[in-house]
Amino acid sequence: MSTKDYLEKDYYKALGVAKTAKPAEIKTAYRKLARKYHPDSNQGDTKAEERFKEISEAYSVLSDEKRRKEYDEARSLFGGGSFRVPTGTRPGGNGGFNFDLGDIFSGAGDAGSGLGDLFGTVFNRGGNRNTAQNRPRRGADVETETTLSFSDAIDGTTVGLRLTGEGPCPTCRGTGAKAGTTPRICPVCDGTGQSSRNLGTFGISEPCKECHGRGLVVDDPCPACTGSGRAMSSRTIQTRIPAGVSDNQRIKIAGKGAPGERGGPSGDLLVRVHVKPHPVFGRQGDNLTVTVPVTFAELALGAEVKVPAHRGAPVTVRIPPGTGNGSKFRVSGKGVRRKDGTTGSLIVTVEVMVPQNLNGKARSAIEDLREATAGADPRENLLERAKEAL
Ligand SMILES: [Zn+2]
Ligand SMILES: [Zn+2]
């Protein structure tokens, strides 16, 4: 409970008693209302649950002589709820009288020195932790991997990704209570999950030690999660992998990571993609590559060769006479589809296959060729040129 609660909530009104009510009156009023609004007799009624929390909170303060006095003083001092202290930019924060030391001294403490650090040490980082506890928190990013076939990487595909993470316990639906029982409002913090201390002007609050910040305590713990309300679970999500991903590329799928807390957004899912190699095709960015074996005669005399395309019918590549070994030919539109709808090319590399075993006729034909082309020395001046370069 924070100072802000004191200022904003009218506990006397909540219990329907006068400000001058005697402890016995307060007790009677509380018992009557608590019986009426108890969650056990109002299953699923969130309004009743809210009311029950309100009553319990009010009673916990008004039944304690010391706290009732503090409460009365706070309200008479600040005019019963009209007093507000802006606390700057704290999304989802208390927004009231609960100063946050981390904010006040921000800039001074981060480097490990100065006032912020001093206060952090004195208050055991209570101020900072409190802020983090109350803020809506974005869920964590979740990383996973998937392996695609060469073709699926090019064309895009939908994969089922199995994700393991912590979530609400399915047995108790996150309440932590055994089936048929209901968690109780924590009597120490009255369901707020926070315990507060007043230090002069500052109201410091930190997670309640009794309920560890949950605001609820469980008498009969759920056997599956031993009362924590959390469980490791795995889920499978169907994810579209866009066309054209490369091996080792990381794809971000927004909002599919761990769920946020206190209304914060979910984290992202980061998928590391592995692509299996293809026996024939390779990839260079948006282009596909293929190496096509040819004979010396095809390169020397020219030829038309059929080349496989990744999708659709083979394409015919015309090799002009006198083509060098290792020459590349570009076939437009037979590569990887890009995001803008255009498509890369298929790059065909020709590679001479030298026969390993020649029959008599082939052998004599090549011997004839050697004789016929004996005039030109392909290594002419090679040795001299090598020397000049030195
Ligand atoms: Zn459980
Ligand atoms: Zn508590």
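How many helices and strands does the chain have? There are twelve helices and 15 strands. Keep in mind that this is a predicted model.

## The chain overall

The chain runs to 390 residues, and 35% of them count as buried. If you take contacts between residues at least 6 apart in sequence, 63% of those join residues at least 24 apart. The exposed surface comes to about 23,800 Å², with carbon and sulfur atoms supplying 51% of it.

Let's start with the zinc ion (ligand 1). Its protein donors are the SG atoms of Cys-169, Cys-172, Cys-222 and Cys-225, lying 2.3 Å from the ion. The angles among these four donor atoms run from 102 to 115°, and the site is tetrahedral. In sequence, the donors follow the spacing C-x2-C-x49-C-x2-C. Cys-172 sits in the loop between β2 (157-168) and β3 (184-185), while Cys-222 sits in the loop between β6 (216-217) and β7 (230-241), so this pair ties together parts that are 50 residues apart in sequence. Both Cys-172 and Cys-222 are buried.

Now for the zinc ion (ligand 2). Here the coordinating atoms are the SG atoms of Cys-186, Cys-189, Cys-208 and Cys-211, at 2.2 to 2.3 Å. This site is tetrahedral too, with angles of 103 to 117° among its four donor atoms. The donor spacing reads C-x2-C-x18-C-x2-C. Cys-186 is buried, and Cys-189 is as well. For anyone checking the geometry, the ideal angle for four tetrahedral donors is 109.5 degrees.

## Two residues with positive phi

A couple of backbone angles are worth a look. Asp-190 has a positive phi of about 55° although it is not a glycine. This residue is found in the loop between β3 and β4 (194-199), and at 4% relative accessibility Asp-190 counts as buried.

Thr-226 is another non-glycine residue with a positive phi, this one about 50°. It is found in the loop between β6 and β7. Buried or exposed, what does Thr-226 count as? At 66% relative accessibility, Thr-226 counts as exposed.

## Salt bridges

The count comes to twelve salt bridges. Three of them are listed here.

| Pair | Closest N to O distance |
|---|---|
| Glu-143 and Arg-250 | 3.9 Å |

Asp-268 counts as buried at 11% relative accessibility, whereas Arg-138, at 41%, counts as partly exposed.

Next comes the salt bridge of Glu-143 with Arg-250. Glu-143 lies in strand β1 and Arg-250 in strand β8, so the pair ties together parts that are 107 residues apart in sequence. Glu-143 is exposed, with a relative accessible area of 56%, and Arg-250 is partly exposed at 45%.

Arg-184 counts as partly exposed, at 38% relative accessibility. Elsewhere, salt bridges that share partners join Arg-138, Asp-141, Lys-252 and Asp-268 into one network.

## A buried arginine without a salt bridge

Last stop is Arg-68, which lies in helix α5 (residues 65-78). What is the nearest side chain of opposite charge to Arg-68? That would be Asp-72, 4.2 Å away. A salt bridge needs a side-chain nitrogen within 4 Å of a carboxyl oxygen, so Arg-68 is buried yet has no salt bridge.

As for the surroundings, leaving aside neighbours within four places in sequence, Arg-68 is in contact with Tyr-12, Lys-19, Thr-20, Ala-21, Ile-26, Val-61 and Leu-62.

Methods. Residues are numbered from 1 along each chain as its sequence is written. Chains are lettered from A and ligands numbered from 1 in the order in which they are written. This is a predicted model: local features need pLDDT of at least 70, side-chain atom pairs count only at pLDDT 80 or more; totals for chains, interfaces and linings use all residues. Side-chain values use heavy atoms; hydrogens and water are left out. Donors are N, O and S atoms within 2.8 Å of the metal (3.2 Å for Na, K and Ca); water is not among the atoms, so sites may look incomplete. Four donors count as tetrahedral if all angles lie between 85 and 135 degrees; four count as square planar and six as octahedral if opposite donors are over 155 degrees apart and all others between 65 and 115; anything else is irregular. Buried means under 20% relative accessible area, exposed over 50%, partly exposed in between (1.4 Å probe, protein chains only). Helices (H or I, at least four residues) and strands (E, at least two) are DSSP runs, numbered from the N terminus. Lys and Arg count as positive and Asp and Glu as negative; His and the chain ends are not counted. Contact means heavy atoms within 4.5 Å. Accessible areas come from the Shrake-Rupley method with a 1.4 Å probe; for residues, only the protein chains shown count as cover.
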